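Here are my quick notes on this one. Have the structure open while you read.

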Protein chains: 2
Amino acid sequence: MNPKRQPGTSEAVYHRLKEQILHLELPPGSAISEIDTATRYEVSRTPIRDAFKTLSAEGLLEIRPHIGTFVSLIDLDMISDILYMREVLEQAVLRDLAQNHDKSQEFRIRLILQRQRELIESGLTLEELSRAFIVSDNEFHNMLYEMAGKTNVMLFFRTISSQYERFRTFLNLRGRDNLMCLYNEHLAIWDAISCQTYDALSNLISHHIYDGFNSSTDIVYSHPEYFKPVSQRAEF
Amino acid sequence: MNPKRQPGTSEAVYHRLKEQILHLELPPGSAISEIDTATRYEVSRTPIRDAFKTLSAEGLLEIRPHIGTFVSLIDLDMISDILYMREVLEQAVLRDLAQNHDKSQEFRIRLILQRQRELIESGLTLEELSRAFIVSDNEFHNMLYEMAGKTNVMLFFRTISSQYERFRTFLNLRGRDNLMCLYNEHLAIWDAISCQTYDALSNLISHHIYDGFNSSTDIVYSHPEYFKPVSQRAEF
DNA sequence: TATACCATTCTTGTATACAAGTGTCAATGT
DNA sequence: ACATTGACACTTGTATACAAGAATGGTATA
C-alpha cells in the first residue's frame, strides 16, 4: 500500500522483478528459482521469498511447493472479467464526475492530454513511446478517479490488475496508430464529461476499454505458450 | 487463490489469525509480535512472517519495520469506497443475470433462502446466528455472481474486502430484526431478478448494501479506538 | 528541576543451515 | 526389451542466529 519507503532489499527486488515480468523480459511460464534469483541479486533467499510472495499475491507468480516458482501464464478469462469490472466502474465513476466537476479541473486534464500529444509527435522509439504513453495513460485515468473522489477505487483496481497491465504492455507494442486512437478517445471522453452527455460517455468508455483488445486477438495465437488454456472448467 | 492445499504450517497460522482478526478477538490497533505469535503456535518465526505478510497485503495487519506489527484500524473511508464498488458492480452483474437466467437456477436460490429462514427461526445464540447467517448471506451473493458467470468478479472482490467483512461482523451482532430484514431483502432481490424489474432491482441492491451500515453509525462512536481517524488528507 | 544523552531491550530485516517433498534418470532385475 | 526401483539433484518450507533500527527509561549534567 505504501508508495515507497527507503528501498529495502526486499522491496527493491520486488520492483525489479515486477518490471521484468510486466515487460515480458521474464516470459510467462518460465521457471524462476529462489536461489538463482538470490545469487543474481547478491542477497539471501529471505528477501527473495518476500518478493515472490508479494508477486504471487498479485497473480504474477505461481509458487508450487517443492516443485518450483513460475511466472504466471496470462489468464484471458481473468482479464476479460477485469475489463468488465473496469467498464462498469469507470462508467459509474465518470458519470458521477460529469455531474459534479469544477471548471478548474479542466486545466489539469488538458495538461496531461497535451503531454500525450507531444509524446506521439516526438521521435521516440516505438518501444520507448509505448512505455511512456502507458504511463501517461494511467496518469489520465488516475486523475479522473481522483477528481471524482474515488482514489481508493483506483488503488483497489491497481492491486488486482497487474495481469491486465502485463497484457496491455504486450499489446501496445504495435504501432503509433493505436496510440493516436487512444489519444483521440481521451479527448472525446473529456468532452463528454464536460458536456454531460451521459449516454455518449458510457459508449466511449466501453469502446475505449475493449477496442484495443478486440483488434489484437491475433497476437494471442502468435504466442500461445504465454497464455493459460481457456474453458478448462476447473473445480468440477 | 487456491482453496486449500494440505494445511501447511504457514497457511494454518494465516487462517487462524485471520479468523481472530475478523471476529475482533484481536482488536484493531492491538500489537501482535512475530515472536509472541511464534511461541503461541509453537512454530518458528518464518511461517509467522509469511502469514503476517499475507494479512498485511489484505489490509488486516500493518507491519512497521523495526517497530512492530499491529492489527489495522478499521478504515471507514476505505469501507465507504468498497460499498460503492459493490453497489455499482452488483447492480451491473444482477442486471445481466436478470436478462439471462434459467428457471432451473431458481431452485438453488430457493434452497439458500429456505436455509436462511430456518436459521432465523431456530433457537441459536445471537452470536452463533450472526456467524451462520453471514456465511449463508455470502453463499447467496456468491451464487448470484456464479449464475451470472462472474465468479472472478466475486473472487477479486473478496480479496479486497476483508476490511468490509470485519466491519460487517462488528455490526451484525445487533439483533434478530436486522437479519430478518436482510432475509426479506434477499427475497425481494430474487423476485426482481425473476420479474426483470430493473429499476426496482437497482434500488433494492443499493438499499440492501447501505441500509445496515447507515442504521448503525452509533456503534462507531461506542468504540472509537477501533477506527482510523477520517479526513486526514494524507499525501499532502 | 529540566534536559540532553546513552544504554538496554524491544521490534522486524537478513543470512544461512537443515528438513521434506518432487521429479529425473540410470541401474537392475524380470 | 521393458518395467520397477532407488539414488540423486533440485525445489520450496522451516528453524535459528545475527544485524540493524526504534523506543523507552534511567542517569548524569547544566
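1. Confidence first. Chain A averages a pLDDT of 90, with 93% of its residues at 70 or more; pLDDT is the predictor's per-residue confidence, from 0 to 100. Residues 1–6 of chain A stay under 50, and the model has four contacts for them beyond four places in sequence (contact: heavy atoms within 4.5 Å).

2. Ground rules. This is a predicted model, where local features need pLDDT of at least 70 and side-chain atom pairs need 80 or more, while totals for chains, interfaces and linings use all residues. Residues are numbered from 1 along each chain as written, chains are lettered from A and ligands numbered from 1 in written order, and side-chain values use heavy atoms, leaving out hydrogens and water.

3. Helix H6 of chain B. The 22 residues 126–147 should span 32 Å at 1.5 Å a residue, and the end C-alpha atoms are 31 Å apart, which agrees (expected span: 1.5 Å times one less than the number of residues; helices are DSSP runs of H or I, at least four residues, numbered from the N terminus). After H6(B) comes B:Gly149, with a positive phi near 75 degrees.

4. The interface. Chain B puts 24 residues in contact with 24 of chain A. B:Lys53, B:Tyr84 and B:Phe156 supply 24% of the area chain B buries there, more than any other three residues (buried area: accessible area, 1.4 Å probe, lost on putting two parts together, summed over both).

5. Charges. Two salt bridges link chains B and A (Lys or Arg side-chain nitrogen within 4 Å of an Asp or Glu carboxyl oxygen). B:Arg49 and A:Asp50 form a salt bridge at 3.5 Å, N to O.

How values were computed. Helices (H or I, at least four residues) and strands (E, at least two) are DSSP runs, numbered from the N terminus.
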